[in-house]
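Colleague: I am new to this structure. Please take me through a few of its residues, one question at a time.

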Amino acid sequence: MTSTVTLAEALAAGTVVLDGGMSNQLESAGHDLSDELWSARLLAERPEAITEAHLAYFEAGADVAITSSYQATFEGFAKRGISHERAAELLSLSVELAREAVRQARGKGVTRPLWVAASVGPYGAMLADGSEYRGRYGLSVAELERFHRPRLEVLAGARPDVLALETVPDADEAEALLRAVRGLGVTAWLSYSVAGDRTRAGQPLEEAFALAADSDEVIAVGVNCCAPEDVEGAVRTAARVTGKPVVVYPNSGEAWNAEARAWDGRSSFAAEQVRGWRESGARLIGGCCRVGPEAIGSIARTLAEAR
């Protein structure tokens with residue numbers, strides 16, 4: 001464990017700051033992420049760049065680093081000729097790189113508790129065709145569980161502080177992930193990608209959140225990779241349905257164009273919004289795509305003032 005205080009204990013005591021988008025931080029440093037592996041490609045090619053990105057967020061005020069394993073899957077690596085054994089090494093490396101960033105942050109004088117969350121993206125992220133924003137892949141819950149379990153076992157074996165089951169577009173996939181994390185010995189949070197008051201696949205959020213209400217492994221539920229405007233209602237629903245701390249990390253407000261593989265529109269993210277999210281029940285707060293260290297620093301300061 002990275003900190004002597006567990007993340008669950010910290011959430012029970014107050015608010016915790018998540019990091020921001022990994023891909024935008026890497027791109028701002030000049031790295032090309034235009035292929036299907038996205039930021040996961042740098043696990044093999046430029047691992048030090050990933051540590052640098054994590055460190056930038058810790059220095060900005062983030063308490064939790066989310067690893068670069070979102071798009072890292074055995075199937076995705078196999079398409080690039082990477083063996084199963086090497087893929088497992090890269091998955092474990094994603095956790096170690098975040099831990100190295102913790103060590104470097106300590107060397108730079110950061111003394112507050114820090115945690116590492118191992119990212120587990122949805123099945124659609126492996127497809128790299130935008131389907132993680134739609135769900136409904138045509139696979140059964142059992143098939144999705146079989147897809148996720150091997151990667152989860154490797155990531156859990158690397159001993160992160162928590163597993164981030166994130167950007168989940170579909171309640172069926174959430175059910176598969178919740179099955180897959182049982183018995184791994186690592187806590188998790190479950191975070192949906194949403195549009196309004198429904199999952200991206202169209203299920204009511206009340207039903208989607210209810211799946212995690214009785215899961216002992218899940219320490220927080222919420223939303224990510226969504227518009228900032230969709231957060232507050234989702235926070236209230238998640239808190240009411242599950243009674244668990246709520247995790248939120250929306251995008252900047254721009255929209256992803258899967259065909260062009262680019263972001264469209266303008267940012268609508270403002271750090272001041274986190275006050276309302278916190279009042280509604282959010283305890284684990286950060287940003288996702290296009291939210292960088294400067295914004296995370298603003299969130300950290302806003303939450304510190306609100307305590």
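Colleague: Is arginine 290 buried, exposed or partly exposed?

Modeller: The model is predicted. Arginine 290 sits in the loop between strand E12 (282-285) and helix H13 (293-306). Its relative accessible area is 40%. Buried would need under 20% and exposed over 50%, so arginine 290 is partly exposed.

Colleague: What is the phi of arginine 290?

Modeller: Most residues other than glycine have a negative phi. Arginine 290 is not a glycine, yet its phi is positive, at about 70°.

Colleague: Where is arginine 136, which has a positive phi of about 50°?

Modeller: Arginine 136 is likewise not a glycine. Its place is in the loop between H7 and H8.

Colleague: How many aromatic pairs are there?

Modeller: Two rings pair if their centres lie within 6.5 Å. By this rule the count is four.

Colleague: What kind of pair do tyrosine 123 and phenylalanine 147 form?

Modeller: Their centres are 4.9 Å apart, and the angle between the planes is 80°. Planes over 60 degrees apart count as edge-to-face, so the pair is edge-to-face.

Colleague: Which helices hold tyrosine 123 and phenylalanine 147?

Modeller: The two residues are 24 apart, and their pair links distant parts of the chain. Tyrosine 123 is in helix H7 and phenylalanine 147 in helix H8.

Colleague: Is phenylalanine 147 buried or exposed?

Modeller: The relative accessibility of phenylalanine 147 is 10%. The cut-off for buried is under 20%, so phenylalanine 147 is buried.

Terms used:
Residues are numbered from 1 along each chain as its sequence is written. This is a predicted model: local features need pLDDT of at least 70, side-chain atom pairs count only at pLDDT 80 or more; totals for chains, interfaces and linings use all residues. Side-chain values use heavy atoms; hydrogens and water are left out. Rings of Phe, Tyr and Trp (its six-membered ring) pair if their centres lie within 6.5 Å; planes under 30 degrees apart count as stacked, over 60 as edge-to-face and the rest as tilted. Helices (H or I, at least four residues) and strands (E, at least two) are DSSP runs, numbered from the N terminus. Buried means under 20% relative accessible area, exposed over 50%, partly exposed in between (1.4 Å probe, protein chains only).
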